[in-house]
Amino acid sequence: MDRFRPLRRIQVEPERADPPPPPPAAASGEAEEMVSAPAAGMLMGAKVRRRAAVYRDCKGDYIGVPNDPCLAKILSKQGDNKVLFADKVLKFTQSGKMKRRILVITDFALYLVDPDADILKRRIALAAVDKLCISKLSDNFFGIIVPTEYDCLMASTRKKEIVDVIVKAIKSTSEYEPEVASSNRFEYHAAAEVIKEVEFEEADGRVKTRITHKEKP
């Protein structure tokens, strides 16, 4: 679908000036950031984002959910209508492949929608979210820990905004605040019996990310 076609890799590029040459990344407050296909054990490189990119304006709904018949219908069936966040993300599968998804966050749940098939792939109730995992570096990865089901590893250039929205949404509807664990190494359950470890390392101005399979004890 057209709304998702531009997302082929995690990349933020500065707008080009007219006429060329384009302005430097510092002028636009953004720098290129890429993630390669994450086969188990493969190192993935990403340039460290400039500080200004982290503090970009937060819009919330970057998709226009009310104007999207498919997304509006999915939320309506679940009795949800208050959209706190919506944007394109990459979701990592059990086998380590990247899948394009639309992430919609409401005040009750997280929705992962396949943009090509217009199908709801997963709904996670906010009440089921126990913890959010992020690194201490400038990468795009974040993990959502759901003990009663299985966890979810995703990547987005709006990682900080997503984490903030989830925490605030849970606090507003319950008496607890989910833990936000910041570490350059964390584990997650890619499936009930599949444990993976994500490691982050900064080297030569880049953040290298390694995803490896761990044997269940």
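This is a predicted model: local features need pLDDT of at least 70, side-chain atom pairs count only at pLDDT 80 or more; totals for chains, interfaces and linings use all residues.
1. Who does E187 pair with? Its partner is K214, and the two form a salt bridge in which the closest N and O atoms are 2.5 Å apart. E187 sits in strand β10, while K214 sits in strand β12 (residues 206-214), so to speak a link between distant parts of the chain, 27 residues apart. K214 has a relative accessibility of 30%, so K214 is partly exposed too.

2. R185 and E199 meet through their side chains in a salt bridge, at 2.9 Å from N to O. R185 lies in strand β10 (residues 185-191) and E199 in strand β11 (residues 194-203), so this pair ties together parts that are 14 residues apart in sequence.

3. Now move to D114 and R101. Their side chains meet in a salt bridge, with 3.9 Å from N to O. Since a salt bridge here needs the nitrogen within 4 Å of the carboxyl oxygen, this pair counts. D114 belongs to strand β4 (residues 109-114) and R101 to strand β3 (residues 98-106), so the pair ties together parts that are 13 residues apart in sequence. Both D114 and R101 are buried.

4. Why might such pairs turn up? Side chains of opposite charge can pair when their charged atoms come close. By the rule used here, the count comes to nine salt bridges, and the ones described above are among them.

5. Time to zoom out. The protein chain has four helices and twelve strands. Of its 217 residues, 45% are buried. Among contacts in the chain with a separation of 6 or more, 51% are between residues 24 or more positions apart.

6. How much accessible surface does the protein chain have? The total comes to about 11600 Å², and carbon and sulfur atoms account for 48% of that surface.

Technical notes. Residues are numbered from 1 along each chain as its sequence is written. Side-chain values use heavy atoms; hydrogens and water are left out. Helices (H or I, at least four residues) and strands (E, at least two) are DSSP runs, numbered from the N terminus. Buried means under 20% relative accessible area, exposed over 50%, partly exposed in between (1.4 Å probe, protein chains only). Contact means heavy atoms within 4.5 Å. Accessible areas come from the Shrake-Rupley method with a 1.4 Å probe; for residues, only the protein chains shown count as cover.
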